[in-house]
Amino acid sequence: HKTLRLILGDQLNPSHSWYKQKDDDTLYLIAELKQETDYVKHHIQKLCAFFNAMENFATALKTAGFNVLHLTLDDTADDKDLIELLKRIADKYQCETIEYQYPDEFRLKSQLAKFKSDSSFDVIATDTEHFLLPFTEIKTRFTKNKHVTMEHFYRAMRKQFDILVDDTKPTGGKWNFDSNNRNKFSKADLACIPKPKLFNNNVKSIISRLNKHKVVYFGEIADQRLEWPTTRKQAIESLEYFCEHLLSCFGHFQDAMTDQSKNNTSLYHSRLSFALNAKILHPLYVIKRVIREYEQRPSEISLSQVEGFTRQILGWREYVRAIYWINMPDYAVKNQLKAKNTLPSYFWNSSTKMNCLSHSLKQSLETAYAHHIQRLMVIGNFCMLTGINPDDVDNWYLGVYIDAIEWVEMPNTRGMSQFADDGIIATKPYAASGNYINKMSDYCKSCQYDVKQKVGDKACPLNSLYWHFMNKHRDRLEKNPRIGMVYKNWDKQEKTLQEQTLQQAIYYLNNLEAL
Ligand code: FAD
Ligand code: SF4
């Protein structure tokens with residue numbers, strides 16, 4: 001009785017119980033598939049990272065003595081889709097049972113569930129053993145279409161997993177040290193940002209396969225080499241490097257942005273999202289390692305750095321996954337603000353005069369990376385203020401970032417950044433004028449627009465667009481006590497200035513391509 005076990009590209013979890021025992025009758029299948037390159041247009045680095053990591057995982061399993069079939073696009077070119085491939089391989093190797101780990105994407109989960117119910121094979125699905133919140137517990141903590149406060153969820157997770165908790169009380173007396181974490185870089189700070197930990201993975205053969213099979217992609221990759229960690233060893237090196245060099249300032253500069261750091265675009269961020277999302281690293285392993293560093297170097301690493309980092313992984317990451325599953329598939333079509341504009345062409349070439357946007361887009365296209373505030377407050381904010389259709393926004397984010405998998409991309413993009421999800425994630429939109437960008441970055445200094453002006457040729461587009469957005473959605477937003485003040489400020493402004501501001505915004509909206 002033979003078994004075929006499918007390993008998807010984001011299921012590269014070496015500690016899964018599948019690998020606790022070796023069995024000559026079990027064949028592991030890892031396959032590059034056209035269906036996985038084409039569901040959205042991808043950045044070249046994202047395609048290369050997944051294919052490279054899959055190949056490395058297959059090699060590691062083979063070395064450890066497992067039977068592994070690693071198939072490239074060349075081998076699967078004639079298979080219509082994943083299901084056809086599974087049937088073909090199961091027949092070829094006379095496997096009666098097919099096992100898979102539940103996918104984290106609705107698209108793949110539905111495809112495999114249908115196969116499971118229709119198939120003549122014995123099909124068994126099992127947990128990925130990756131996330132901390134068990135899948136079955138999502139429905140006990142979340143309700144469809146209901147807002148759950150991230151902070152409450154996060155505190156419960158801290159207690160449940162005994163992370164930075166002393167006798168049910170938070171270590172250091174506070175659950176949240178966010179207020180210490182909103183600093184901008186000074187010139188002196190900029191001079192001492194450590195270099196990022198980059199790798200030199202040769203992906204030449206993957207790129208030639210993508211070209212041969214006419215996979216459509218975008219973005220850049222310097223010298224056909226990938227700087228992202230794609231093996232377990234590299235992922236651990238990234239984590240160690242983060243602990244040694246970056247953790248001590250992680251929280252402090254978490255929200256800061258700069259166009260003056262040519263050698264380090266990820267600043268004090270960990271660059272671990274790809275390794276985490278491909279399941280090369282386990283979230284608890286990462287959290288515990290970081291806390292150990294803090295315990296070993298208390299004079300150099302403050303609690304607020306470690307708490308800030310823990311909140312991202314134990315809090316936000318687990319939270320958005322739960323929001324995704326409790327609300328799918330309806331979540332994918334939510335568009336409460338009825339935004340319907342299309343993405344301007346500079347999303348594909350970064351050529352806009354707005355320096356904040358141009359820098360964040362250029363960096364995304366060159367490196368497949370932007371940090372949280374660039375994604376939320378620069379690119380996301382621009383899309384929301386200009387009313388871009390959230391389908392377009394989702395597709396762009398899902399394609400461009402190295403770590404973009406729908407379960408984490410969509411709640412962050414459609415929910416948190418676009419406020420399109422009926423307030424399931426955020427109770428108010430993350431809308432900002434140029435003032436916020438100027439407070440958190442040095443972008444405005446070298447911008448052709450003037451961040452202090454609302455109207456006129458040189459006026460920062462975000463200023464008038466912000467007020468236009470707030471006015472357009474006044475009925476919906478005014479009732480929110482956290483926003484009421486904004487309208488009081490607007491009402492205090494002179495009528496003529498109000499009119500000029502709205503006219504300026506309309507001009508910009510009609511000329512989005514020219515910004
Ligand atoms: P660090 O800043 O070092 O953070 C450490 C880890 O915390 C990350 O690796 C990530 O696993 C986790 N994390 C941090 N913030 C979040 C968050 N909001 N949601 C979930 N996990 C988080 N993250 C993705 O992994 N994939 C995405 O497709 C994605 N899309 C995003 C879209 C938008 C509009 C926004 C605002 C955020 C998005 N994020 C996404 C979250 C965050 O921006 C990235 O996780 C982070 O930039 C990855 O870089 P890093 O590993 O250096 O992160
Ligand atoms: Fe961005 Fe406005 Fe600043 Fe230019 S002036 S960088 S457009 S916020």
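Two strands pair if DSSP finds at least two bridges between them. Helices (H or I, at least four residues) and strands (E, at least two) are DSSP runs, numbered from the N terminus. The model shown in these views is predicted, so local features need pLDDT of at least 70 and side-chain atom pairs count only at pLDDT 80 or more, whereas totals for chains, interfaces and linings use all residues. Residues are numbered from 1 along each chain as its sequence is written, and chains are lettered from A and ligands numbered from 1 in the order in which they are written.

**View 1. The open sheet of five strands.**
The strand order is β4-β2-β1-β5-β6, with parallel pairing. At the edges lie β4 (67-71) and β6 (122-126), each of which pairs on one side only. From one strand to the next the twist averages 25°; angles run from 0 to 180 degrees between N-to-C directions, and axes are lines fitted to C-alpha atoms, for helices over the stretch in contact. Strands of a sheet pair through backbone hydrogen bonds, either parallel or antiparallel.

**View 2. Strand β1 and its two partners.**
β1 (residues 2-6) pairs with β5 (residues 95-101) in the parallel sense over five bridges. β1 also pairs with β2 in the parallel sense, over four bridges. Leu4 has a bridge partner in each of these strands: Ile98 in β5 and Leu27 in β2.

**View 3. Strands β2 and β4 with helix α2.**
Five bridges join β2 (residues 26-31) and β4 in the parallel sense. Leu29 has Leu69 as its bridge partner in β4. Helix α2 (residues 44-63) packs on the sheet and touches β2 and β4, and its direction makes about 160° with that of β4. Contact between two residues requires their C-beta atoms, placed from the backbone, to lie within 7 Å.

**View 4. Domain 2 against domain 3.**
The domain assignment of the chain gives domain 1 (2-126), domain 2 (135-327) and domain 3 (346-514); such bounds come from an automatic or database domain assignment. The centres of domain 2 and domain 3, taken over C-alpha atoms, are separated by 24 Å. Between them, 26 residues of domain 2 are in contact with 33 residues of domain 3. On the side of domain 2 that touches domain 3, α11 (273-277) and α13 (303-327) each supply at least two residues. α13 gives the most to this side, with six residues. By class, the side of domain 2 that touches domain 3 divides into nine nonpolar, eleven polar and six charged residues. Here Ala, Val, Leu, Ile, Met, Phe, Trp, Tyr, Cys and Pro count as nonpolar, Asp, Glu, Lys and Arg as charged, and the others, Gly among them, as polar.

**View 5. The shell around ligand 1.**
Ligand 1 is surrounded by 28 residues, of which His269, Ser270, Ser273, Gln312 and Glu409 are the closest. A residue is near a molecule or strand if its C-beta atom, placed from the backbone, lies within 6 Å of it. Domain 2 and domain 3 each give at least three residues to this shell. α11, α13, α16 (372-385) and α18 (406-417) each supply at least two residues, and α18 has the largest share, six residues. The shell around ligand 1 divides into eleven nonpolar, twelve polar and five charged residues.

**View 6. The shell around ligand 2.**
Of the 14 residues around ligand 2, those that come nearest are Cys356, Gly434, Cys444, Cys447 and Cys460. At least two residues of the shell come from each of α15 (355-367), α19 (434-440) and α20 (461-472). The largest share, three residues, is that of α19. The shell around ligand 2 has eleven nonpolar, three polar and no charged residues.

**View 7. Two backbone details in loops.**
Met328 and Pro329 are joined by a cis peptide bond, with omega about 5°. Pro329 lies in the loop between α13 and α14 (346-349). Thr168 is not a glycine, yet has a positive phi of about 65°. Thr168 is placed in the loop between β7 (165-166) and β8 (169-170).

**Confidence, for every view.**
The chain averages a pLDDT of 97, and 100% of the residues score at least 70. pLDDT is the predictor's confidence in each residue, from 0 to 100. The model scores ipTM 0.99 and pTM 0.97.
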